[in-house]
Protein chains: 2
Amino acid sequence: MVMSAEETSPDEVPAQGLRELKKQMTRGAIAAAAFKLTLEKGLDHVTVEEISRVAIVSPRTFSNYFSSKEEAVVSAGGQDPEQFLPAFREAVREVPPLEALREVFADYFMNLTDDQLDQIRQMLGLVVQYPSLLDVQAARFGNLEAELRGVVAEHTGADEETEMYPWLVASAGIAAVRAALRVWGASPADGRDKLVKLVQEALSLFSAGLPAPAPR
Amino acid sequence: MVMSAEETSPDEVPAQGLRELKKQMTRGAIAAAAFKLTLEKGLDHVTVEEISRVAIVSPRTFSNYFSSKEEAVVSAGGQDPEQFLPAFREAVREVPPLEALREVFADYFMNLTDDQLDQIRQMLGLVVQYPSLLDVQAARFGNLEAELRGVVAEHTGADEETEMYPWLVASAGIAAVRAALRVWGASPADGRDKLVKLVQEALSLFSAGLPAPAPR
DNA sequence: GTGAAAGGTTGCCGATATGGCAAATTCACC
DNA sequence: GGTGAATTTGCCATATCGGCAACCTTTCAC
């Protein structure tokens with residue numbers, strides 16, 4: 001009989017060893033190079049070739065990982081769906097979906113390092129400056145939204161094809177994060193705590209039905 | 001003395017005459033060609049050159065109007081921000097923002113022709129089939145969202161830079177439309193009325209704070 | 001009308017990007 | 001250590017992106 005094949009090592013081997021690790025490092029190196037060069041020289045003075053040179057890969061390899069320089073730049077922000085899904089899956093079993101989103105996102109932002117926060121600020125700047133980056137970022141958020149939607153559908157038993165609830169909840173979660181990031185990004189003095197507070201506030205507003213503010 | 005210069009004709013001259021009109025026709029012809037060819041041959045078997053040939057313009061002119069074939073295809077869907085903004089501006093003075101969105105979108109979908117509805121269904125199919133089209137469509141929705149947000153901010157006196165409310169309301173409006181479209185698109189038998197009903201229902205759910213459905 | 005200015009379209013073309021294919025290299029596993 | 005699978009790379013054909021200048025059409029003032 002053959003054993004389960006993942007029993008090789010006791011500790012932290014990601015999935016299948018060196019191979020996967022190097023792939024992540026390559027991807028990270030390319031993304032980091034793209035991000036750094038864009039900050040330095042502006043998006044349109046950066047070419048795939050130069051990014052590849054800095055990341056020490058061939059241009060052909062760049063294409064294996066990203067389909068455009070914009071994608072590489074934006075992906076330097078982190079925030080892959082995998083970052084949130086397990087925690088969300090867990091949280092949604094304990095509390096209502098919107099509440100679960102609040103927990104998961106607050107937790108994520110609360111535990112960022114200072115460097116990561118700085119990077120997010122820089123990314124916000126780039127995204128505001130270059131519409132093409134904004135579009136790519138929107139696409140990334142769209143992917144995350146789709147994953148969240150799937151979890152909501154799975155958990156509540158609602159069919160994505162015929163019920164809007166999963167769509168609306170997932171959209172609300174993403175919208176909360178985006179709004180919080182943008183407003184936070186506008187105040188350079190604000191730190192991690194403020195960002196967390198904004199995210200929670202945004203989701204609370206959704207829970208409250210987005211009441212219209214008092215007219216002036 | 002010179003008169004106001006727009007008094008030329010009694011009826012429907014769009015803005016500044018033939019020039020603008022021809023531009024819109026050119027844009028429409030390119031978009032229609034791109035859409036039609038994509039339906040017939042699939043996105044990746046369509047080139048800018050072919051689209052241009054069908055639309056009877058030079059490839060160079062294609063570039064003057066669209067920055068990619070994806071953009072041309074998606075823009076065939078209509079739904080430019082200009083379609084909604086005036087009505088929304090008006091409605092938001094009478095009722096709360098979410099309610100205004102409900103009115104405006106319901107009104108828009110209710111008054112579509114059958115041909116337009118068919119086209120929307122076809123576009124939904126393409127967007128589901130080709131992720132790159134989905135991304136471009138998301139970008140377009142993003143533009144509309146930004147315009148709506150501006151109106152909300154202007155009307156409520158909330159500063160987009162420092163307050164999340166305009167972001168959240170505009171996001172909810174777009175999310176409602178997207179969810180309604182997708183769910184509607186999954187049932188080929190449903191007509192205009194159903195779509196309108198879905199949009200209204202989605203916005204009602206937002207107003208109600210997205211209550212979690214009863215667990216099963 | 002008529003002529004001049006403004007705006008749109010096009011051809012030309014270089015810089016880049018995209019992605020198939022096969023050879024070369026690297027890693028996993030026995 | 002050796003073998004098979006996965007990754008990287010070079011080569012290269014096709015396609016896109018846009019600057020520039022010439023050409024054509026509409027607008028506007030007289």
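1. Basis. The model is predicted, so local features need pLDDT of at least 70 and side-chain atom pairs count only at pLDDT 80 or more, while totals for chains, interfaces and linings use all residues. Residues are numbered from 1 along each chain as its sequence is written, chains are lettered from A in the order in which they are written, and side-chain values use heavy atoms, without hydrogens and water.

2. Fold of chain A. Chain A has 10 helices and 0 strands (DSSP runs numbered from the N terminus, with H or I over at least four residues for helices and E over at least two for strands). Its C-alpha atoms fill a box of roughly 60 × 55 × 35 Å along the principal axes.

3. Annotated segment. The unreviewed UniProt entry places a "DNA-binding region" at residues 47-66 of chain A; such annotations may be inferred rather than shown by experiment. This stretch of chain A is 75% helix and 0% strand, and its end C-alpha atoms lie 13 Å apart.

4. Helices 8 and 9 of chain B. The axes of helix 8 (residues 131-156) and helix 9 (residues 165-185) of chain B come within 8 Å and cross at roughly 140 degrees (axes are lines fitted to C-alpha atoms over the stretch in contact, with angles from 0 to 180 degrees between N-to-C directions). Helix 8 and helix 9 of chain B are therefore oblique to each other (angles under 35 degrees count as roughly parallel, over 145 as roughly antiparallel, 65 to 115 as roughly perpendicular and the rest as oblique).

5. Helices 7 and 9 of chain B. The axes of helix 7 (residues 114-129) and helix 9 of chain B come within 10 Å and cross at roughly 95 degrees. That makes helix 7 of chain B roughly perpendicular to helix 9 of chain B. In this contact, the residues of helix 7 of chain B include Leu117(B) and Leu124(B), and those of helix 9 of chain B include Leu181(B) and Trp184(B).

Methods:
Contact = heavy atoms within 4.5 Å.
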